[in-house]
Amino acid sequence: MKLSGAEIVVQFLQDEGVEYIFGYPGGAVLHIYDAIFRQDNVRHILVRHEQGAVHAADGYARATGKPGVALVTSGPGATNAVTGIATAFMDSIPMVVLTGQVATPFIGSDAFQEVDAVGITRPCVKHNFLVKNLDDLIPTLKKAFYIATTGRPGPVVVDVPKDITDPNIKISYEYPETIEMRSYQPTVKGHSGQINRAVDLILSAKRPMIYSGGGVVLGDASDELIAFTRALGYPITNTLMGLGAYPATDPQFVGMLGMHGTYEANMGMHESDVLIAIGARFDDRVTGDVKKFCPDARIIHIDIDPSSISKNVRVDVPIVGDIKHVLGDMNKVIKAHKNKPDAAALKQWWSRIDTWRDKDCLRYDRNSALIKPQYVIEQLYQATSGDAYITSDVGQHQMFAAQFYKFDKPRRWINSGGLGTMGFGLPAALGVQLAHKDATVACVTGEASIQMCIQELSTAMQYMLPIKVINLNNRYMGMVRQWQEMFYESRYSHSYLDALPDFMKLAESYGHVGMRIENPKDVEAAMKEAFAMKDRLVFLDFITDQTENVYPMIAAGKGHHEMHERELA
Amino acid sequence: MRHIISLLMENEAGALSRVAGLFSARGYNIESLTVAPTEDPSLSRMTIVTRGSEEVIEQITKQLNKLIDVVKLADISDGGHLERELMLIKVRADSPELRDETKRVTDIFNGRVLDVTDETYVIELTGTGDKLDAFIKALDEKCIIETVRSGSTGISRGERALHA
């Protein structure tokens with residue numbers, strides 16, 4: 001079969017099993033758009049801004065585990081995509097981003113809409129390519145998907161000059177089933193000696209803690225993690241990115257850890273004697289001050305990326321490998337081991353954890369005359385029976401959602417954890433809803449974040465995506481305001497949002513349903529009403545308490561045992 | 001500690017900037033970096049001289065290994081190795097005394113005079129960085145017009161080798 005470069009791109013995506021391309025057309029990619037027009041197999045979703053395209057592809061990838069695909073034009077198309085690419089990179093999301101480029105003879109001439117996309121994206125991609133010859137196009141596309149989806153996943157950019165997609169130049173096309181790369185062979189199986197050492201240490205623990213992260217979600221190793229944790233009877237905490245990998249409603253789950261983690265999770269970390277880190281990367285928001293981190297613990301770290309091991313915190317037993325394989329092997333070793341967990345020590349440890357739990361660190365004022373954001377999330381949880389896909393933006397609302405929505409399944413909690421990208425939530429929700437047409441999808445956001453990508457309400461209308469937008473509107477950049485209150489003597493420098501739009505009317509002008517909720521007693525009914533509208537996007541603008549802060553909190557430079565707690569009358 | 005990291009990478013456009021970008025993005029030191037294709041034109045061999053604590057060097061080697069284009073990597077300063085650097089130095093040689101003295105010092109250091117004019121010599125010298133430094137010190141500072149150094153390259157002694 002003889003195809004042009006543009007036709008190859010589209011045919012390849014189809015053969016690779018790609019359902020959706022999220023994109024925005026422009027000069028350098030018009031040949032590809034013409035090839036898209038002439039087929040029905042790969043569906044193109046037209047966004048309103050390239051950042052939205054990449055976030056939507058990202059949301060799709062997070063909700064399915066399959067690579068997201070975005071297509072943007074050269075120049076501003078590529079630069080607008082950068083925030084999305086960096087977001088996916090920080091959270092290790094498999095993604096292929098095709099960027100148009102000016103024709104090869106013009107590269108380097110400062111041509112119209114030319115940027116060095118490979119140069120600009122280099123620090124925030126797993127890898128990137130500039131296709132200089134048509135003959136390289138097919139193997140490059142194959143490599144891009146292979147690299148994006150194997151090992152520690154990540155975004156791969158393929159920069160395609162316009163002349164490579166010339167409809168008049170055709171070459172023979174055959175889909176390559178596999179590709180070999182001598183320079184890239186990710187480790188899958190963990191070292192058996194290390195696994196045995198780790199299990200010996202795990203079974204000798206008196207005060208163990210399992211700390212699991214986004215790697216378990218990315219590696220589809222939730223089942224193995226549950227089997228591992230239940231067989232041991234040990235407490236488990238999840239990172240922000242790991243929520244849902246272990247069911248939040250399970251009694252062994254002690255909540256999220258880190259800066260806004262629970263008291264029991266952080267104290268459990270601090271007093272643990274054996275820490276089992278699984279697919280987590282000891283991020284600064286998790287560890288607090290590394291000098292005070294888990295002072296008594298010997299640390300086991302399982303990760304697919306060798307460079308994550310001993311990067312921030314020195315570990316005692318490193319295991320490099322795919323989490324699913326390593327945990328599967330560990331579960332067998334534990335079963336066959338002559339030792340069992342120390343039941344007496346564990347009983348004592350759990351009773352200590354229970355005293356921390358009794359503090360009820362997430363408590364808040366339930367009698368407030370103003371809507372508390374925590375209450376909205378609790379009502380969201382009720383209205384969706386805990387079974388929705390929740391995307392979020394970045395700030396207080398993100399932390400409230402992480403704390404109060406009890407995720408029982410992986411891939412349900414979709415947020416920008418690493419880069420912390422405001423504007424992520426709504427476009428990500430587009431990708432999630434497209435991936436799971438019949439699922440309930442809600443975007444938890446705030447009036448500041450939502451305005452960073454609000455144009456995607458138009459995309460949601462075009463494709464009839466019935467997302468529920470939960471806008472926690474406190475008229476402040478809440479997290480900025482909280483830090484200014486705590487660390488800048490309440491000097492609220494530029495954290496107040498004046499001249500906000502009427503979100504209800506704004507949603508309506510996009511063709512959606514808008515609701516404004518100002519009284520706590522109306523929250524429950526509004527949720528019910530909104531979620532009953534199965535085929536409509538509903539924008540729920542909750543006017544919340546402006547003074548509410550996220551607690552508990554570990555301030556920067558503090559240890560897990562030095563939490564700020566909420567003081568209630 | 002000073003380390004010499006030797007690596008084989010795909011001879012692709014942009015490969016060098018991936019390495020250089022990694023060092024600047026993560027704040028690692030580069031003392032010198034040399035690169036050229038090998039006997040297999042699809043591969044480049046790079047030698048990076050860097051400094052850092054054991055933890056930093058461990059991260060550097062891990063991060064370099066993580067680059068998709070990197071095929072193999074070794075810290076050759078871990079074991080017996082040879083290290084060489086090339087220097088070309090242009091010096092003023094405009095009097096018989098200066099010409100004699102410069103030639104004598106060059107001979108002592110096993111250097112070669114590559115170019116001669118009425119006013120100047122260009123001298124070629126290879127060796128370890130220390131030897132090149134010593135040669136520069138041995139010359140009269142006022143006579144040095146310019147120096148060009150390649151940065152160090154190195155190779156392990158004995159059977160140890162980097163293969164694709």
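**Exercise 1.** In what order do the four strands of the open sheet in chain B lie, and is their pairing parallel or antiparallel?

*Solution.* The model is predicted, so local features need pLDDT of at least 70 and side-chain atom pairs count only at pLDDT 80 or more, while totals for chains, interfaces and linings use all residues. Residues are numbered from 1 along each chain as its sequence is written, chains are lettered from A in the order in which they are written, and side-chain values use heavy atoms, with hydrogens and water left out.

Step 1. Strands (E, at least two residues) and helices (H or I, at least four residues) are DSSP runs, numbered from the N terminus. Two strands pair if DSSP finds at least two bridges between them.

Step 2. The order in chain B is β2-β3-β1-β4, and the pairing is antiparallel.

Step 3. Strands β2 (32-37) and β4 (70-75) of chain B form the edges, since each pairs on one side only. From one strand to the next, the twist averages 15°.

Step 4. Helix α1 (residues 15-25) of chain B packs on this sheet and touches β1, β2 and β3 (43-51) of chain B; contact means heavy atoms within 4.5 Å.

**Exercise 2.** State how many bridges join β1 of chain B to β4(B).

*Solution.* Strand β1 (residues 2-10) of chain B runs antiparallel to β4(B), and five bridges join the two. Within this pairing, Leu7(B) stands opposite Leu73(B).

**Exercise 3.** Describe how α14 and α15 of chain A pack.

*Solution.* Step 1. Two packed helices are described by the angle between their axes and the distance between the axes. Axes are lines fitted to C-alpha atoms, for helices over the stretch in contact, and angles run from 0 to 180 degrees between N-to-C directions.

Step 1. Helix α14 (residues 373-383) of chain A and helix α15 (residues 396-404) of chain A have axes 9 Å apart, at an angle of about 50°.

Step 2. Angles under 35 degrees count as roughly parallel, over 145 as roughly antiparallel, 65 to 115 as roughly perpendicular and the rest as oblique. Therefore α14(A) and α15(A) are oblique to each other.

Step 3. Among the residues that meet are Ile377(A) and Tyr381(A) in α14(A), and Phe400(A) and Phe404(A) in α15(A).

**Exercise 4.** Which residue forms a salt bridge with Asp250(A)?

*Solution.* A salt bridge is a side-chain nitrogen of Lys or Arg within 4 Å of a carboxyl oxygen of Asp or Glu. The partner is Arg230(A), with the closest N and O atoms 2.7 Å apart. Arg230(A) lies in helix α9 (residues 222-232) of chain A, 20 residues from Asp250(A).
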